[in-house]
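Here are a few notes to go with the model you asked about. Have it open while you read.

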Amino acid sequence: MLAETPTTPYHLESQKGSRHLNRPPRKRGGKASRRGIGSELDCILVARDRNRQTCDFVTGRGPVSAGQLMQHLKPVLAPDVLLVTDAAKAYQAFAKQAGITHEAINVRAGMRARGALHIQGVNGWHGRFKTWPRRFNGVASRYLANYTGWLRVLDAAELTAPRQWLRIAVRQTS
């Protein structure tokens, strides 16, 4: 089994709809106060295999850590998996801790693939996720997991009839 987990997508933290903000308000979505990955960005961890099966997790704010990867990613990976990621240190530490074979792709050096190993499946998911919520005029951070779940359903393209959409929309969760 092959799993791809590239650069983790980050989404600017939003307190949309909150009565009490713990930061100054931003106009029209705004942007982070600093460049790079900081505490203002929500982290979405995405893993995808060659069969287009996708797992996504909202891990909190800031850069992803080896502990978060162990908590979220370890339960969904097979023991004989080849993990293909970008060159972030957290992925290397996680693979070593979990005893998983790991291949890193150096994206900063312009590499997108090494032979048949690539991270483009997850990069494509990230691109679709960035454009899909625009129609909703932004996504509140507290609902980010719901939106990633809906994108997973849309990507699978298994729901074709209105009856199926209605059934999944009104399904009771326990």
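1. Strands S3 and S4 run antiparallel to each other and pair over 7 bridges. This is a predicted model, so treat what follows as a reading of computed coordinates.

2. How many of the residues in S3 (residues 41–49) are buried? The count is 9 of the 9, so the strand is largely enclosed by the rest of the structure. Both of its faces are covered: one side carries Leu41, Cys43, Leu45, Ala47 and Asp49, the other Asp42, Ile44, Val46 and Arg48, all of them buried.

3. On to charges. Searching the whole structure turns up 1 salt bridge. Arg152 makes it with Asp56, and their closest N and O atoms sit 2.8 Å apart. Arg152 belongs to helix H4 (residues 144–156) and Asp56 to strand S4 (residues 54–61), so the pair ties together parts that are 96 residues apart in sequence.

4. Buried or exposed, where does Asp56 fall? Asp56 is buried, at a relative accessible area of 10%. Arg152, with 35% relative accessibility, counts as partly exposed.

5. Last, have a look at Tyr91 in helix H2 (residues 89–98). Tyr91 is buried, with a relative accessible area of 1%.

Methods: Residues are numbered from 1 along each chain as its sequence is written. This is a predicted model: local features need pLDDT of at least 70, side-chain atom pairs count only at pLDDT 80 or more; totals for chains, interfaces and linings use all residues. Side-chain values use heavy atoms; hydrogens and water are left out. A salt bridge is a side-chain nitrogen of Lys or Arg within 4 Å of a carboxyl oxygen of Asp or Glu. Helices (H or I, at least four residues) and strands (E, at least two) are DSSP runs, numbered from the N terminus. Buried means under 20% relative accessible area, exposed over 50%, partly exposed in between (1.4 Å probe, protein chains only). Two strands pair if DSSP finds at least two bridges between them.
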